[in-house]
Amino acid sequence: MRRVALLLVLVSLSVPALARQDGEPDPVVTADGVRFTLSGVIQARAGYGLSDSDGVRDRRLGVGLRRARFRARADFGTGGGLYMQMDGAGGTLTFVDFYGQLRITDRWTLRAGRLASAQPRGFILTSVHYIDVADRAAVVERWGQMTVGGDGRDFGVDASYRSGGTEALLFLHNGDGDWSRMRGNFRPSISGGSATDGVDRTGLAATASISHRLASGPDVEVGGFAGYNGAKGPNTGGAGGAGRSYATFGAHAYLGARPGSRPLRVKLDLVGIAYRKLAVETEGQTALGGSLFGAVLALPYLEVFGRAELFSADLREDAPDGEDLYLTSGATFSLSAMKGGEFHRERVTLALQRVDFGDESGSENLAFVQLQFGF
């Protein structure tokens, strides 16, 4: 019932928001002076997949929803606020982000809850509205799958500092973003008879990032991140199913972060993970990945792009696996830009993707057309 009530509130807020096609949706101000903003995006696709791995050849053709996101923001007018994001692509409405924030000064802001903070720039810090293709770079998605989780969020507290074109984040977090009380969501009550929910774990995580946009060219952005995670979550693998602590690091350099923002765009992402060695080691100790993306704005409403990526999950000298090679090519046609609006609002993306596995186990191929509608 609570989810139904929440959905009805969001629908009621969406009426004035939908009245404006471009730019941020109109705010809704209550009698108490709280300003609400609603936004969202639907990504529907039709695709054809060909799997040729481990001697098995499968094909699949179909239509589906990649994302169905709804976001609501409340501004209390005193520096405080709330933010939540939900997704309905899986058939049920689930929370992705949910946090509160407090703006202390014009430069300092605190946030607490489940959120995306310091991490690779190409991961969740790139909004779902501005993804270049239909998915973020494969190397940063694999980074998430091997660290905090595939959706890149975690429970914690972060502090952000902004001055001019510089933004710095410091994130203190649980290290495992899973909603389960046994893993990431630590919320016991003493009335329940256990202060730990029966879990013995004290490892936490700390991650910091910094990015800078050049004053001489705001489309030019450079930055990096680094952190340590001692939670030993199940995403980190390890011998016998035991998790591993790890250090992580990465860097990025962008010329034009958003689709359709300039005639030529180039984006470089680098990520790395160094796992702590276990007494009995059967898995890789270090993972490295790199992604190079390029796009040309052939017309004000047509962008042609390509991306090449390498990811190695194990760099030991005796490692049997090589580097996985990911290749992507395609084009994005913006219906909204053709009508004089923002490029990302309404667009059609055609893409061809392929991965060749470094262990020579085979390849995966995917072709799709995706429609994006955002408000």
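**Salt bridges, paired strands and a buried threonine**

Glu167 counts as partly exposed, at 24% relative accessibility; the term covers the range between buried, under 20% relative accessible area, and exposed, over 50%, as found with a 1.4 Å probe and protein chains only. The model is predicted, and local features need pLDDT of at least 70, side-chain atom pairs count only at pLDDT 80 or more, and totals for chains, interfaces and linings use all residues.

The partner of Glu167 is Arg162: the two form a salt bridge in which the closest N and O atoms are 2.9 Å apart. A salt bridge here is a side-chain nitrogen of Lys or Arg within 4 Å of a carboxyl oxygen of Asp or Glu. Arg162 has a relative accessible area of 37% and is likewise partly exposed.

The chain as a whole has 375 residues, of which 42% count as buried. It contains three helices and 17 strands, taken as DSSP runs numbered from the N terminus, with at least four residues (H or I) for a helix and at least two (E) for a strand. The chain exposes about 18,700 Å², with carbon and sulfur atoms supplying 60% of that area; the area comes from the Shrake-Rupley method with a 1.4 Å probe. Among contacts with a separation of 6 or more, 54% join residues 24 or more positions apart, a contact being heavy atoms within 4.5 Å.

Strand β8 (residues 166–173) pairs with strand β9 (residues 205–214) in the antiparallel sense over eight bridges; strands are said to pair if DSSP finds at least two bridges between them. Within this pairing, Leu170 stands opposite Ala208 in β9. On to the next partner: β9 and β10 are also antiparallel, over ten bridges, and they form a hairpin with two residues between them. Here Ser209 stands opposite Phe225 in β10. In a regular strand the side chains alternate between the two faces of the sheet.

The structure holds 24 salt bridges. In one of them, the side chains of Arg262 and Asp219 meet at 3.3 Å, N to O. Asp219 belongs to strand β10 (residues 217–229) and Arg262 to the loop between β11 (246–255) and β12 (264–275), so this pair ties together parts that are 43 residues apart in sequence. Both ends are partly exposed, Arg262 at 23% relative accessibility and Asp219 with a relative accessible area of 32%.

Another salt bridge joins the side chains of Arg354 and Asp356, at 2.9 Å from N to O. Arg354 is partly exposed at 36%, as is Asp356 at 24%. Elsewhere, salt bridges that share partners link Arg45, Arg66, Arg67 and Asp135 into one network.

The last stop is Thr328, which is found in strand β15 (residues 324–334). With a relative accessibility of 7%, Thr328 counts as buried. Beyond its neighbours within four places in sequence, Thr328 is in contact with Val133, Phe305, Gly306, Arg307, Leu352 and Gln353. With Gln353, Thr328 makes a side-chain to side-chain polar contact of 3.3 Å. A polar contact is a pair of N or O atoms within 3.5 Å, one able to donate a hydrogen and the other to accept it within protein, and residues adjacent in sequence count only if both atoms are side-chain atoms.

Key:
Residues numbered from 1 in each chain as written. Heavy atoms only, no water.
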